[in-house]
Amino acid sequence: MTGPLVLGIETSCDETGAGIVRGNELLADAVASSVDEHARFGGVVPEVASRAHLQAMVPAVDRALATAGVSASELDAIAVTAGPGLAGALLVGVSAAKAYALALGKPLYGVNHLAAHVAVDQLEHGPLPTPAIALLVSGGHSSLLLVPDLAGAVVPLGATIDDAAGEAFDKVARVLGLPFPGGPHIDRVARDGDEQFVTFPRGKYHDGTFDFSFSGLKTAVARWVEAREAAGEPVPVADVAASFQQAVADVLTRKAVDACLARGVPQLIIGGGVAANSRLRALAAQRCEAAGIALRVPRPGLCTDNGAMVAALGAELHARGAQPSALDFAADSALPVTQVTA
Ligand code: KG4
Ligand code: ZN
């Protein structure tokens, strides 16, 4: 076993994550979610999330240490999501991480949540060959990035101009009467549906940019369902879910493959909660193979927010001798994707 022993803390949204890695080896991944507390509001309520983080933080770290079979004093470093995310939620993790770092006398890395979504793949598939193109698709972000180096600057190639991909899944799920968060439910019901039942619009498909737009698609699904209901006809939920999911997966994989080809980078990594989607994974595999692109996608459990991804990036930074963050760094809800550490 080699590599630094790192505790990673994640509190950017509704998951309280505490993960422990040794280099690229995953030792523990404790996650407590407040998702059930938000379900009846149909979206994450920031204040509710912050309070839940406060309650779950220390137990999650204790659980991670126990699972990994290490004591806090053995840690080489601590890493925490500094942003982007919900300000109040980030604050809980950043404060806890600073307290642990100060009390234990360990270096602290405040890291970028999006870069951590990329780094987590190293826990499953080993060192990431760079340069790579990264497609990051979550509840708050949809971006195509050029990653010349995991610990260095990331170059944004494109991003959504309106809704994030996960946001579209969540909103369409609501239209179809499925629970929040909608992504996993759409994925599940779509298995019995016909993806060609409705041809929903593919925003920005032919515009030659690496930007995305999902707002028109979301509206198109809502209009289609409304028309059906107005006509007194039943809504074929599985078919609509499958058709919507296909539209999202089609645009995402087409643009990701185009970015690889345009940049001459035959490496694609997909991360973020939406990367758990079965149709996206299958279509990406198919199109990457056809284009001669090596595809890496972490297993679904590592795609959604967790502490191990933060620990993975922290371990990479520590192993490279990166400068730790000053203890007075601030949580930054709008931390730019180009900035790997705070
Ligand atoms: O990365 P993540 O856990 O949190 C953010 O950083 O936002 O992503 C959460 C998003 C939610 O919108 C959720 O509906 C979506 O990821 N998601 C999925 C699936 N699992 C989670 N979307 C589509 N298919 C899934 N299987
Ligand atoms: Zn995320």
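Reader: How much area do domain 1 and domain 2 bury between them?

Author: In this predicted model, domain 1 and domain 2 bury about 1300 Å² between them, and 78% of that is on carbon and sulfur atoms. The area is called buried because it is accessible area (1.4 Å probe) that two parts lose on being put together, summed over both. L114, H117 and V118 supply 41% of the area that domain 1 buries against domain 2, more than any other three residues.

Reader: What makes these two parts domains, and where do they run?

Author: Domain 1 covers 5-120 + 306-319, and domain 2 covers 129-299. The bounds come from an automatic or database domain assignment.

Reader: How many residues of domain 1 are in contact with domain 2?

Author: On the side of domain 1 there are 16, in contact with 14 residues of domain 2. Contact here means heavy atoms within 4.5 Å.

Reader: How many salt bridges does the rule find across the interface?

Author: The rule finds zero between domain 1 and domain 2. A salt bridge would need a side-chain nitrogen of Lys or Arg within 4 Å of a carboxyl oxygen of Asp or Glu. The count of residue pairs in polar contact between the domains is one, with both residues at pLDDT 80 or more. A polar contact is a pair of N or O atoms within 3.5 Å; within protein, one must be able to donate a hydrogen and the other to accept it, and residues adjacent in sequence count only if both atoms are side-chain atoms.

Reader: Why is the approach of H117 to ligand 1 called a polar contact?

Author: A polar side-chain atom of H117 lies 3.3 Å from an oxygen atom of ligand 1. The limit is 3.5 Å, so the pair qualifies. H113 also has a polar side-chain atom 3.3 Å from an oxygen atom of ligand 1. For G140 a polar backbone atom is 3.4 Å from an oxygen atom of the ligand, so that pair qualifies as well.

Reader: How are residues, chains and ligands labelled, and which atoms count?

Author: Residues are numbered from 1 along each chain as its sequence is written, while chains are lettered from A and ligands numbered from 1 in the order in which they are written. Local features need pLDDT of at least 70 and side-chain atom pairs pLDDT 80 or more, totals for chains, interfaces and linings use all residues, and side-chain values use heavy atoms, leaving out hydrogens and water.
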